[in-house]
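Please look over the sequence and the model before reading the points below.

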Amino acid sequence: METQEIQQIECNHCNGLISINNKYCNICGKEQKKDQTLIDSRKWPGLKQIGLFFAIELTCCVAALSIDNFDISTAILFDIIMAGTAVLFFSYNWRENAHLLKWPNFSLKKTIICIIISITASIIVQFLVEHLNHSLFNTDYSYYTIYKPHKYGKYIMIISVALFPALFEELAYRGYLMQKLLTIVDKKEAIYITSILFFFMHLSMTSFFWMLPFSIVLAQIRIRENTLWYGIIIHFTFNLTVCMMEISTFDTLI
Amino acid sequence: MEYHTNSCPCCNNKHESDDLFCNGCGFPLKGTQQEQDFFYSERNAKEIDLSDLNNNVESARKSLYWIAGLSVISFFVGYFTAKNEQDKFAILFTSVILIGAFLAFGVWSKTKPTAAMISGLSLYVIIHVINAIVDPVTIFSGIILKVIIIVYLIKGIRSVLEVDKLKKELNIN
C-alpha cells in the first residue's frame, strides 16, 4: 500500500489534527498561518522605519553638501552624526542584526582576493572619474584639499574617508537596511533597493557607472556570506586606495 | 485507503469529501446555504478591496511616468532659459539621466513594484530637497502636484504589500 506521509499539526483553534500545509482548518474553518499574518503586519511599520532612516541620512548628506566652508571639523562632525545614526538603527534592531557581526566562514584566501580586487577597481575608477570630471565639467576635485591644512591631515583623512564610511555605511546599508528589507521584500529586491539608496545618498550622479555596480556586488557578498566583514574590508581598501593616491599626488605618504 | 477529492467551489482548491471547510480559503463546504452566502459576500468585499489596491499600484506606476514627463517639460524650460553653454550642458546632462531613470523605474515597476517605487520616490524626494537648498523658492512651485505624486507613490508602495497579504488570504496568485 502506498502511504503518503503528510506532517500534521494541531489547529490553533479547535486542536484537531490537520495538514501543516493547510491555510485554513478543514474542521473548524479558522485561519492557520498566523505567523505569516504577523510577518505581513510588520512590513508596513518596517518600511516606515526605513523611511525615517532615509530621512535622517538624506538630511545629513544634503546639509553637508550645502555648507559653503566645508572644512576638517565639519567633515568630522558629519562623520560622527552618520556613525551615530548607523549604530542607533543597527542596535535598535539588534536581535535581527547581531549575527551579521560574526564571521562564520572566515577565509584568508577570499579576504586577500577581496583586497586585491578592490585595490585594482579603486585605481581604475579613480582614473576614470578624474578623466570624466576633467572632460565633462572641466573641474578637478580632491578630498585632500579639505584635510591638507591640518597638521595630521592625512591621518584624519584616512579615518574620515576610509575607516568611518567602511565601518558605518556597511553597518547602516548592508547591515540595518538590508536586514530590514529582507523581512519586507525578496532577496533580489532587497539587494537592488539597498544599492540604489546607497548610490542616491552619495548625491553624485556621475558616479552612477561605478557606484551602483560596486554596491550591488557588496550587497550580494553580504547575502552570500551572511557577514558584514567582507563588505567592510572591500569598502575600506577601496576608499584607502583613493586616499593614498590623493595624498601621494599632493604630499608625501609618510 | 480511498480518497474522494473535489474542488472547492470558491477557490478551486482540492479537498477531501469529508472536509467541513476548504483548507485553502476556509469556505464552509458542508455549511448551510446562508453560511455559504455569507462567506461569498465577505470574499466579494475583499475582492473589491483587492481591485482598489491594484488600482493604487497602477496609479503609483503611472506617476513614475508622469515624473518623467514633467522632467521633460522642466528640461525644455531650463535649457532654453539657460544663460551660457556650460549651464545648458549641465541641464542636458542631468535631465537625460533623470528622465531615463524615471522611465526605467516605470518599466521596472511592472516586475519589481516595491523596489521600483521606493527608488522612484527616494530619487524624487532627493531632487526636490536639493532644488530647495539651491533655490528655496522651488519648494512652492507646483507644490500641489509634488504632494499628489508623493502621496500616490507612498499609497502604491503600501498597496503592493496589502495586495500580497490579501492574495494569500483569498488563496489566489
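Two residues are in contact if their C-beta atoms, placed from the backbone, lie within 7 Å. By that rule, the contact involves 27 residues of chain A and 29 residues of chain B. The model is predicted: local features need pLDDT of at least 70, side-chain atom pairs count only at pLDDT 80 or more, and totals for chains, interfaces and linings use all residues. Residues are numbered from 1 along each chain as its sequence is written, while chains are lettered from A and ligands numbered from 1 in the order in which they are written.

**The side of chain B that touches chain A**

- Helices H2 (85-108), H3 (113-134) and H4 (143-170) of chain B are the elements that give two or more residues to this side; helices (H or I, at least four residues) and strands (E, at least two) are DSSP runs, numbered from the N terminus.
- H3(B) gives the most, with 10 residues.

**Confidence**

- The average pLDDT of chain B is 89, and 97% of its residues score at least 70; pLDDT is the predictor's confidence in each residue, from 0 to 100.
- Among the elements of chain B, the mean pLDDT is highest in H3(B), at 93, and lowest in strand E1 (residues 5-7), at 78.
- The complex has an ipTM of 0.86 and a pTM of 0.87 from the predictor.

**B:Leu98**

- B:Leu98 is part of helix H2 of chain B.
- B:Leu98 counts as buried because it has 20 C-beta neighbours inside 10 Å; the cut-off for buried is 20 or more other C-beta atoms within 10 Å.
- Leaving out residues up to four places away in sequence, B:Leu98 touches B:Ser71 and B:Ile127.
- B:Ile127 is 29 residues from B:Leu98 along the chain, and their C-alpha atoms are 9.3 Å apart.

Methods
Buried ≥ 20, exposed ≤ 12 C-beta atoms within 10 Å, placed from the backbone.
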